[in-house]
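I would ask you to look at the sequence and the structure before we discuss them.

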Amino acid sequence: MPGRSRSTAVRLPCPRPPAGTPAGTYDSAPPAEQARPPAAGRTPYPPGGAVSDNPAVLGPAGRVHASLDDVLKFCEAHRDRMSLLKPETWDTLHTPPFGGDYAMGWVIRETRFWHNGSNTLFYTEMTFDPATGVVCTAACNDGNVDAVQGAVRTAMRDAGFTVI
């Protein structure tokens, strides 16, 4: 963000998506939006607590929260290369800068783009494929990636999407 220090930029909220639904870089979802407690009888950290999200140094990207509908809209924006960004910006976001298969947060396999993330309390995977038009996301309110990644990927496969 030109003209702003990184410490200021990481505290700025993300812009609202086009539909005006809330998104941002706040701590975990408000209590009314939280799902049931995580599996295995663990007690989640309270929202807004000192350890209820990734540390600010990982922000803003590592602290984004959004509804699943908004995550799908985000994937659709990438899939469709919406006009909110210039074509060359989409090219930068979708092209591995050093070769390989990793481009600005996206793992690329053939025409599919995949990303995952966790704030240690929640885990989400998202993917889109411009060639087929498919977008898909699945999430779990348990950030133990080793314990939940299989179930999240199964949900994505059950939805008909080939996972990376």
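Predicted model: local features only at pLDDT ≥ 70, side-chain atom pairs only at ≥ 80, totals over all residues.

Residues are numbered from 1 along each chain as its sequence is written, and side-chain values use heavy atoms, with hydrogens and water left out.

Five strands form an open, antiparallel sheet in the order S3-S4-S5-S6-S7. Strands S3 (102-103) and S7 (134-140) stand at the edges with a single partner strand each, so one side of each has no neighbour in the sheet. Strands here are DSSP runs of E with at least two residues, helices are runs of H or I with at least four, and both are numbered from the N terminus. Two strands pair if DSSP finds at least two bridges between them.

How many bridges join S5 and S6? There are six, in the antiparallel sense, and Phe113 has Phe128 in S6 as its bridge partner. The hairpin of these strands, S5 and S6, has four residues between them, and Thr120 there takes a positive phi near 75 degrees.

Is S6 enclosed or open? Seven of its seven residues are buried, so S6 is largely enclosed by the rest of the structure; buried means under 20% relative accessible area, with a 1.4 Å probe and protein chains only.Finally, helix H4 (residues 145-158) lies across S5, S6 and S7, and helix H3 (residues 87-94) across S3, S4, S5 and S6.

Note on methods: Contact = heavy atoms within 4.5 Å. Axes fitted to C-alpha atoms, helices over the stretch in contact; angles between N-to-C directions. Buried < 20%, exposed > 50% of the residue type's maximum accessible area, 1.4 Å probe, protein only.
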